[in-house]
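The following exercises are to be worked with the sequence and the model in view. Each task is followed by a solution in steps.

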Amino acid sequence: MKYLCLICAETVMEGMSDDAAAKHFDEYTEFTQAIRDSGHYLSCNRLLPANAAITLRVRGGKVSITDGPFAETKEQFGGYYLIEASDLNEAIQVATRIPGAKLGCVEIRPVAEDPKTLKALGLVK
């Protein structure tokens with residue numbers, strides 16, 4: 001099964017001192033290589049801070065765009081890992097090693113791969 005691990009923290013890389021950010025980047029480099037080696041890795045990326053985001057809504061055919069994230073919260077999404085795991089317990093074991101879990105939290109969510117979803121996304125005919 002595929003799981004999306006959403007990393008949330010109050011402090012993102014841009015808010016850290018240069019030394020702290022360099023150490024955190026090194027931790028991510030090590031973690032990412034470890035899950036590549038273990039076969040759990042599918043994809044990942046870091047997100048820019050929330051002030052670089054926009055929120056888009058379409059209501060009644062009208063588009064509205066606002067700066068920043070929709071929810072006002074101390075924590076913000078900092079990045080994600082898409083992993084392959086045999087079950088939720090294995091996904092939890094992988095996610096506990098994500099460096100950002102020590103500074104914030106990691107939301108683990110199964111990726112929908114049911115036939116209707118795969119067909120709607122054009123992944124099967």
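## Exercise 1: An exposed hairpin

Task: Determine how many of the six residues of strand β4 (residues 62-67) are buried, and identify the partner strand of β4.

Solution. Step 1. None of the six residues of β4 is buried, the number being zero, so the strand lies largely in the open. Here buried means under 20% relative accessible area, exposed means over 50%, and partly exposed is in between (1.4 Å probe, protein chains only). Helices (H or I, at least four residues) and strands (E, at least two) are DSSP runs, numbered from the N terminus.

The model is a predicted one: local features need pLDDT of at least 70, side-chain atom pairs count only at pLDDT 80 or more, and totals for chains, interfaces and linings use all residues. Residues are numbered from 1 along each chain as its sequence is written, and side-chain values use heavy atoms, with hydrogens and water left out.

Step 2. The partner of β4 is strand β3 (residues 54-59), joined to it in the antiparallel sense over six bridges; two strands pair if DSSP finds at least two bridges between them. Within this pair, valine 58 stands opposite valine 63.

Step 3. The two strands form a hairpin with two residues between them, and glycine 60 in the turn has a positive phi of about 55°.

## Exercise 2: The nonpolar patch

Task: State which residues make the nonpolar surface patch and which element gives the largest share.

Solution. Step 1. Ile54, Leu56, Val58, Val63 and Ile65 make a patch of about 480 Å². Patches are made of residues with over 30% relative accessible area and no salt bridge, with like charges joined within 9 Å and nonpolar side chains (Val, Leu, Ile, Met, Phe, Trp, Tyr) within 5 Å. A salt bridge is a side-chain nitrogen of Lys or Arg within 4 Å of a carboxyl oxygen of Asp or Glu. Areas come from the Shrake-Rupley method with a 1.4 Å probe; for residues, only the protein chains shown count as cover.

Step 2. β3 and β4 each give two or more residues to the patch, and β3 provides the largest share, three residues.

Step 3. Leucine 56 is found in β3 and is exposed, with a relative accessible area of 52%.

## Exercise 3: The open sheet

Task: Give the order of the four strands in the open sheet and explain why one side of β2 and of β6 is left without a neighbour.

Solution. Step 1. The order is β2-β5-β1-β6, with antiparallel pairing.

Step 2. β2 (41-46) and β6 (104-110) stand at the edges with a single partner strand each, so one side of each has no neighbour in the sheet.

Step 3. β2 and β5 (residues 76-84) pair over five bridges, and arginine 46 stands opposite glycine 79 in β5.

## Exercise 4: Two buried residues

Task: Decide whether alanine 95 is buried or exposed, and do likewise for histidine 24.

Solution. Step 1. Alanine 95 has its place in helix α2. This helix (residues 88-95) lies across β1 (2-9), β5 and β6.

Step 2. At 4% relative accessibility, alanine 95 is buried. Leaving aside neighbours within four places in sequence, alanine 95 is in contact (heavy atoms within 4.5 Å) with Cys5, Ala101, Val106 and Ile108.

Step 3. Histidine 24, in helix α1 (residues 18-38), is buried with a relative accessible area of 7%. Leaving aside neighbours within four places in sequence, the contacts of histidine 24 are Met13, Met16, Pro99, Gly100 and Leu103.

Conventions:
Axes fitted to C-alpha atoms, helices over the stretch in contact; angles between N-to-C directions.
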